[in-house]
Amino acid sequence: MNALLLTLLTAALAALPALGALAVVWPRQARRILWTAAAVAIIGAAAALVSVTLAGTPAEITLPIGLPASPFRLTLDPLAAFFLALTLGAGTATLACSAATEPSSNTFAIPVCLGFLGLAVLGAEGLAQGAGLAAAGIAIWAAGPADRDGAVTFCVALLAGAAVIVAAAAPPQARLWAALIGPGMLAGLAPLHRWMAPAHRASTHAAALLSGAAVPTALYLMLRLLFDAGAAVPPAWWGWPLSLFGVFSALAGGLDATRAADLDTALAAGTLRQTGLAMLGLGIALTARAADLPSVETMALAAVLLLIGTQAIGGTLQALASSAVRAGAGTRQLDRLGGLVHRMPETTLCLLAALVGLTALPPSANFAAVWLLVHALIGLPHAAILPAQLLRCAMIAALGLASALGAAGLLRLVGVACLGRPRTPRAAVAQEQPRPARLALMALAAAVTVTGISVGPVLILFASQPLHVITEAAVRPPASWVGLASGTDSPGYASLPIACLLLSTVGIVLWLRRLIVRSSLVSGPAWQDGFAAPPAWLPFGDPATQAAGAGFAPDFARLFGIVSASAATSPRPRLPWTEAALWSRWGAAFATRRLVRPGSAPAIVLILLAVLLVLCSWTKAA
Amino acid sequence: MTFVVAMLAQSIHIALVMAAAPLVCGLQRWIEARLAGRAGPVPWQPWSDLRRLIRKQPAFAENATLLSRTAPAACFAATALAAALVPSFARGMAFAPLADLLPVLGLLLAGRVALSLVALETGTAPAGLAASRTAALACLAEPTLYLAIFAFGVLAGTTNLDQLISMQLQAMLQPLSAAILALASLALVALVSPDPAALTAELSGADLALAAFAGALHQLVWLNLLVGLALPFGMAEPGSGPVAWIAGLLAWSTKVLVTTAGIAALRGAAGAISPALRPRALGIAAALGMLGALLALASAVAA
């Protein structure tokens, strides 16, 4: 059965780049070709979903391409099938959206990128994985405008691919750093995440693939590198850098999402937060594996799978909704949006569903993942030294802060972009996108909501076999049919009953409200603390009386007491960390301006490869 | 049979918190007024206000959508569900397996988020500012809540509220100092949590009543949570009958009365916490929570 599915999937993955090439030579039929590609992708996703539930020996196939000595080999096991289903599912929605809206000249990149991501997921060894990852990144780069940001995307993709290839040949001790530098950078790990926002702003549907398919694939490769069967039990300290980078990423993403000036940057920051939480889960799982605690490891890994799955569905959804906003309202600047709920109600609903799914509010999927992470942290063995205990407490506090920042980011994005009054005439006449594209978005919104509500059945059905592959033990996912269970005799988090009770209470209250409020709707000017209604020449009210797009978020530096209230208003004091921030910003600006030019990408990649090789050999010698 | 009894206890609990939430709110205001030397409104004044609001016809801003009509109901439902999950007079109620600390506090936050969306809907300055402030304070409060939950999780091995209360009754949450610190941090967060009245500036009629009722329930959820975890004595055992329930009800009303009087006296003596002081108070709460979590971890290592 697995062999049959693998043949089908290989055919689908080969067909996708071919269809992309066909779209280039036959642009007039681009729309039809994209619909065909969407159909191929959804068949592939369905085949992969079937394969996720199948136990049994992994199937293998050797391709007639690759290096002469080592042709590419593809393997289909449940873990690969899980990520392939996510990638192809996200790709189907992206393809459907770009086919339904006006296909542009560079939509050919989407099926090509999807095919190569599939190669990276199914590849049996580092060469195929790295080549697929790099080629997919190059396809995304080719779809964007040819500027410096695009060049950075190109470099990141090449570097990630190269790191995966090197890591496969490197000794196990070097794998952590290869995983952090290569796939970690592609997934947007915190100190190396600055390239993500410009790449998301590249105004194509390919950005949806970046956050919905490329980031999950990068995290998959990281999972393979760190938990691979060939490696011995990873050293216990590996968990610490992963967790710390993860926490740092989650906080940086959450903060950026509350400050970003445009929709796409804020959504890229949301992706960063989600990646950070997944990295924290990976770190916890590694620590638990080193301590031989399979139940805690399973819990953390289930959280990671849930976070990545939510990111694939919700990340694609929010990127597609954002591109619908850009097409419908003509801008992505939050300062120029507002009131979209009147003109684009379905897109608003989808954006809200995506953001709720990615925020830790019950009964969302992200909340279930955070619940698992908290319980995995509780279940970890407790280190006896104070610094380790302090770090663990800091992780918990950071988890809470990241959750709250997620809620603040949700309020800001939906409140500023979709609610309120239009801030420009263009936003006031925004147009909803065509019906098929809206249907694709609705399907994704339903998927992310249902995942959150029925998280237990989803984990049991789709995560049992992948978890079995990673842990190589007969483990059960930390789930029951009604929700999550932490393995001990505690009842856990029952998402299904809580969601049912919540929905039925809302229904009852709305029904009672209808019984009481019998009269027709009365409306008038907003109360606004008694201010007079705006005059006729201000049809959308006085712009100065509405929160600005960038002004919603509080000044966290002042709020957390890092800067005292008086210092924040006086000329900026030169504190040590201000100096450090200025210097690092200057360095980053120098690097992007002077070093990263479209032509210099191969040179940078070569240099970085050399550094990696030196690092590997040094580790081997040590 | 056990389930029927548990369901009965659950229904009584839901009716109790629904009836008591506005009363506790009114009682606190009345005691505060008496302590300040004013006559004050009668304790059942919030109920009268709710009845008056429900009779009024709701009016909406011109640009309000369906959201303004549904989100107050969503806010109420989330808060009411949290109130139904936190036990008051009896343990082992029908919803006890659902009563995990993380979902309960998450539901409270979800209610506030729904109300903030309504505030942002009309695009007016005061409501938008209130929504921003709510989000900012949530960012300061949430780390403390997670730290306290973590401390309880390490101490008890579970975050289920019913099990936590049973362990507290059997004095199994050891060391007590960690539990007390975690509880103190939770109490400080509860005391500092802002009044949602500013968020509801654009609501009227039945929707405003729903939002106000949700605010009162929010307060009672915190009260039940803290009273249950700190003073769990007198609660009816799981599976017990009406006699134990009546005893539990008496114990619960005494505890709530005394605590409400205490809070009112505190507010009368120290005044309401000014908005500028809230971040500082939440910082203290976070420090207490961190200390509690550290103590819990240290004791777990020693054991």
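Is helix H14 of chain A largely enclosed by the rest of the structure, or what share of its 13 residues is buried? Of these residues, 10 of the 13 are buried, so H14(A) is largely enclosed by the rest of the structure. A residue is buried if 20 or more other C-beta atoms, placed from the backbone, lie within 10 Å of its own, exposed if 12 or fewer, and partly exposed in between.

The model is predicted: local features need pLDDT of at least 70 and side-chain atom pairs pLDDT 80 or more, while totals for chains, interfaces and linings use all residues. Residues are numbered from 1 along each chain as its sequence is written, and chains are lettered from A and ligands numbered from 1 in the order in which they are written.

Helices (H or I, at least four residues) and strands (E, at least two) are DSSP runs, numbered from the N terminus. Among the buried residues of H14(A) are A:Cys350, A:Leu351 and A:Leu352. The buried residues pack against the chain A helices below, where contact requires C-beta atoms, placed from the backbone, within 7 Å.

| Helix of chain A | Residues |
|---|---|
| H12 | 294-329 |
| H13 | 340-343 |
| H15 | 365-379 |
| H16 | 386-418 |
| H18 | 435-453 |

Chain A has 25 helices and three strands, and 58% of its 622 residues count as buried.

Not counting residues up to four places away in sequence, A:Cys113 touches A:Ala136, A:Ala139, A:Ile140, A:Ala206 and A:Leu209.

Key: Two residues are in contact if their C-beta atoms, placed from the backbone, lie within 7 Å.
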